[in-house]
Amino acid sequence: MTMPFYSSVDQLLRDRSELARKGISRGRSVVVMSFAGGVLFVAENHSSALNKVSEIYDRIGFAAVGRYNEFEGLRTAGIRLADSRGFSYDRRDVTSRWLANTYAQFIGAAFVEQQKPYEAEICLAEVGETQEHDQLYRITYDGSITDEPGYVVMGGSTEPISAKLKDVVDPAHDLAAALATALESLQVPGAAPGNGTSEARVLGESALEVAVLDRGRPGRAFRRITGPVLRGILPAANRGETADEPEVRGGDDVAAGSTE
Amino acid sequence: MEFREGIPGPRQFGPEPQPGSQLGHRAAFAALGETSFSNYVAATQPHLLPAARMFDAPRTGASHASPEALGVPHGTTIVALQFNEGVVIAGDRRATAGNVIAQRDIEKIFLTDSHSAVGIAGSAGIAIEMVRLYTVELEHYEKIEGVQMSLDGKANRLAGMVRGNLGAAMQGFVVVPLFAGYDVEEPDPAKAGRIVTYDPTGGRYDEWLGYHAVGSGSVFAKSSLKKLHRTTNDLTTTIRTAVEALYDAADDDTATGGPDLVRKIWPVVVSITGPEGAVRRSEDELAAVVEQIVADRAENPGG
């Protein structure tokens, strides 16, 4: 008689956590922060077509890191849920708190029930009437949900970025100043994907995906900042080309289960 | 199909053996590759669709459901005019139920996205619900795809919704929308304004002659437009022509409301141009246009 293979629940979940954490930390980082004019999303993203930041609803935006195919599914699901609720109730009844809870339930269930957890971490942001009503929810691969005051850093090497951002962030900043602090943090030594370099980098327009939830805009507040508008508010040092980064591989560039 | 939502993959693209079996929020996570909101709602919450809860009432006998028997409000005249920078769409403000005015200030022109608008004639309740669904449909596509639907895509989606209402239309609850949009891919602004009309079976007809009208007063409005409208006109002139056509419709059709100077109720006029997109013209602007037209008609009632 063969014995069924046994592994403890504890061990299973630890393995899944490790897989998810490793996948997410290989990627490039995203910073989401509340500023005077709304909520700012800054993602290091060398693709202009595959977005990490997206609109969900009138006052709600979405940012994600990790494996693209996985968080893309989460993003579209969020849009479907929000639009369904807004259609059957009212647009005002679509809240980030409700949606974040739904995400957390779903991702948490997948973490326990499925062989492979989501290698993705998402941030759901809602811009409020006033700054104290801005809400940032971070939902991690195991369905944990946290309500973050002020800013969220996800993906890649978050510690050096968070440490820097904590020093420079100021909720009273305008858009250009908030963008400058976000870039300053993303560029700190040690924040490059895969911990490749220990030198400070310069992220140019082509390496950035920038969007805001504009507090002053009625209705759909989300807007992408690209092209000349982005160039106009970038710090002078970032207006040039992004330096070549050989051997930089994001979490989505490597195969699932890869150990590199 | 086994439901394994945690592992997005090809197995989720397969046909569903039991549509509607995925309930609650899980369905949203499983519907991979679906960009249409109305298709998603039809698969998961069909009761929310305007056409789905149509009338199972007996078709004979005393409880015969007809718009007249139910006193359902009707919308009336909508006009659309193409001009040298885009397109204008305008509607009167009256809803009728039989010989009674159901509402004096109903709005029958809706902005459906940044570069399109829809006017509705027919059963007001169903039409408004249809436009509401249509607006979400366009926004949903834009958010999921990251780009707006093409103008012809927008026109075809609306045709599908009108077709979905055919069962109700057969019982008298007809909805006839009029679509006006600006094709952002057309380099010449004089050609970018587009007007599309529909019949109750969902037939879609592009109007290339520069104007169209739907609703009970449309015959009179079209006669007016034929004489007054030129596609080479500018925005100001075109807004005046649109309001004048509605005035002519109200002059001869009891179900179309003329401008109400006592209550300050003006027609709803929306202009759609390249730089500004779809914009509802302000009350002040329309008040000036209407007062001028009324003054001119006081001198010459025929216009």
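Which residue in E4(A) is the bridge partner of A:Val53? In E4(A), that partner is A:Ala63.

First, the conventions. This is a predicted model, in which local features need pLDDT of at least 70 and side-chain atom pairs count only at pLDDT 80 or more, while totals for chains, interfaces and linings use all residues. Residues are numbered from 1 along each chain as its sequence is written, and chains are lettered from A and ligands numbered from 1 in the order in which they are written. Helices (H or I, at least four residues) and strands (E, at least two) are DSSP runs, numbered from the N terminus.

E3(A) is joined to E4(A), residues 60-66, by four bridges in the antiparallel sense.

Next, the contact between the chains. Chain A contributes 20 residues and chain B 21 residues, where contact requires C-beta atoms, placed from the backbone, to lie within 7 Å. On the side of chain A that touches chain B, the elements giving two or more residues are helix H2 (68-88) and helix H3 (96-113) of chain A. H2(A) gives the most to that side, with twelve residues.

I turn now to the core. The largest nonpolar core has 154 residues; such a core is a set of buried Ala, Val, Leu, Ile, Met, Phe, Trp, Tyr and Cys residues joined through C-beta atoms within 7 Å. Among the members that touch the most others are A:Val32 and B:Val79. The largest share, ten residues, comes from helix H4 (residues 124-145) of chain B. Leaving aside residues up to four places away in sequence, A:Val32 touches residues including A:Ala63, A:Cys123 and A:Tyr151.

Finally, chain B, with ten helices and 13 strands. Of its 303 residues, 47% are buried; a residue is buried if 20 or more other C-beta atoms lie within 10 Å of its own, exposed if 12 or fewer, and partly exposed in between, with C-beta atoms placed from the backbone.

Six of the six residues of strand E3 (residues 86-91) of chain B are buried, so this strand is largely enclosed by the rest of the structure. E2(B) pairs with E3(B) in the antiparallel sense over six bridges, and a hairpin joins the two through two residues. Core member B:Val79 has B:Ala90 as its bridge partner in E3(B). E3(B) is also joined by six bridges to the antiparallel strand E12 (residues 268-273) of chain B, where B:Gly91 stands opposite B:Val268.

Conventions: Two residues are in contact if their C-beta atoms, placed from the backbone, lie within 7 Å. Two strands pair if DSSP finds at least two bridges between them.
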